Amino acid sequence: MPDRMPAEPYEVYAIRYAHLDRPARDNFIFGDIHDGPMPLDFFIWAIVGNGRTFVVDLGFEHVCAERRGRSIIRLPSEGLQMIGIDANAVEDVIVTHLHYDHAGDLSSFPNAKLYLQDREMAFATGRHMGHQRMRQVFDVDYVCDFVRAVYDDRVVFIDGAQEIAPGISVHHIGGHTDGHQSVRVWTESGWLVLASDAVHFYANMTEQNPFPIVYDVGAMIEGYGTIRGLADAEELIIPGHDPLVVERFPCPDATFEGEIVRLDRGPSL
Ligand SMILES: [Zn+2]
């Protein structure tokens with residue numbers, strides 16, 4: 001797929017909206033790790049430039065948070081508001097996959113088209129959801145919202161790799177779910193990859209030891225190599241749930257410290 005370059009590089013933000021304390025042993029499929037606390041953060045991302053705003057993922061909302069015993073810091077749409085993005089006006093949302101922590105709160109984005117892989121919709125509504133272990137990370141209400149979005153002509157189906165706009169493309173990287181996709185963006189630092197859950201923590205990739213919520217372990221490990229090939233530098237690969245992201249990257253405004261970071265200029269550490 002040839003890259004069409006945008007007139008200007010994009011700004012990219014990570015917005016942290018929830019947090020979960022967890023031991024390290026719960027974050028790796030293979031057991032040879034040093035155990036201890038290894039908490040997990042929840043993010044959505046925003047890509048801004050060339051007169052457009054793309055949101056990557058939707059997060060979850062209070063009802064789901066309560067049901068799953070999660071603590072939500074703020075609604076993802078409220079996080080977007082902090083950097084001047086009105087969720088109500090957002091026209092483009094790239095959905096990396098349909099797990100509950102990436103595909104909820106659709107009602108805050110009533111005007112958005114939703115970019116989703118064919119295989120993810122098939123996966124979330126097909127035979128694998130007949131198994132409790134596979135469906136437990138999905139929320140049936142959120143999946144039904146997406147089915148309604150299909151009938152409302154809001155879902156843009158993607159099969160594999162596709163450009164969304166000059167300088168922004170999505171890439172199917174299965175493994176975590178059957179139809180998971182990551183997002184590649186042109187920035188002033190080069191090609192940056194919002195890996196989402198193709199890489200939960202930096203350590204999953206560097207240790208080649210996947211996060212245990214996985215559909216296909218082989219595809220997951222293969223995906224680490226694909227992502228490295230898409231990014232211009234290892235430091236421009238942004239994992240989906242690692243608290244180190246807010247430590248490594250600069251905050252655009254001191255009042256957002258630890259909550260929102262700017263990714264496109266590279267890490268400050
Ligand atoms: Zn996730």
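The model is predicted, so local features need pLDDT of at least 70 and side-chain atom pairs count only at pLDDT 80 or more, while totals for chains, interfaces and linings use all residues. Residues are numbered from 1 along each chain as its sequence is written.

Let's start with the whole chain. You'll find 8 helices and 13 strands; these are DSSP runs numbered from the N terminus, with at least four residues (H or I) for helices and at least two (E) for strands. Buried residues, those with 20 or more other C-beta atoms (placed from the backbone) within 10 Å of their own, make up 44% of the 269 residues.

Now for the core. A nonpolar core is a set of buried Ala, Val, Leu, Ile, Met, Phe, Trp, Tyr and Cys residues joined through C-beta atoms within 7 Å. The largest one has 66 residues, and Ala-14, Ile-15 and Trp-45 touch the most other members. Strand 2 (residues 40-49) gives the most to this core, with 6 residues.

5 strands form an open sheet in the order 8-9-10-11-12, with mixed pairing; two strands pair if DSSP finds at least two bridges between them. Strands 8 and 12 each have a single partner strand, so one side of each has no neighbour in the sheet. Here are those two edges:

| Edge strand | Residues |
|---|---|
| Strand 8 | residues 161-165 |
| Strand 12 | residues 237-239 |

Further in, strand 9 (residues 168-172) and strand 10 (residues 181-187) run antiparallel, joined by 5 bridges. His-172 has Gln-181 in strand 10 as its bridge partner.

Methods. Buried ≥ 20, exposed ≤ 12 C-beta atoms within 10 Å, placed from the backbone.
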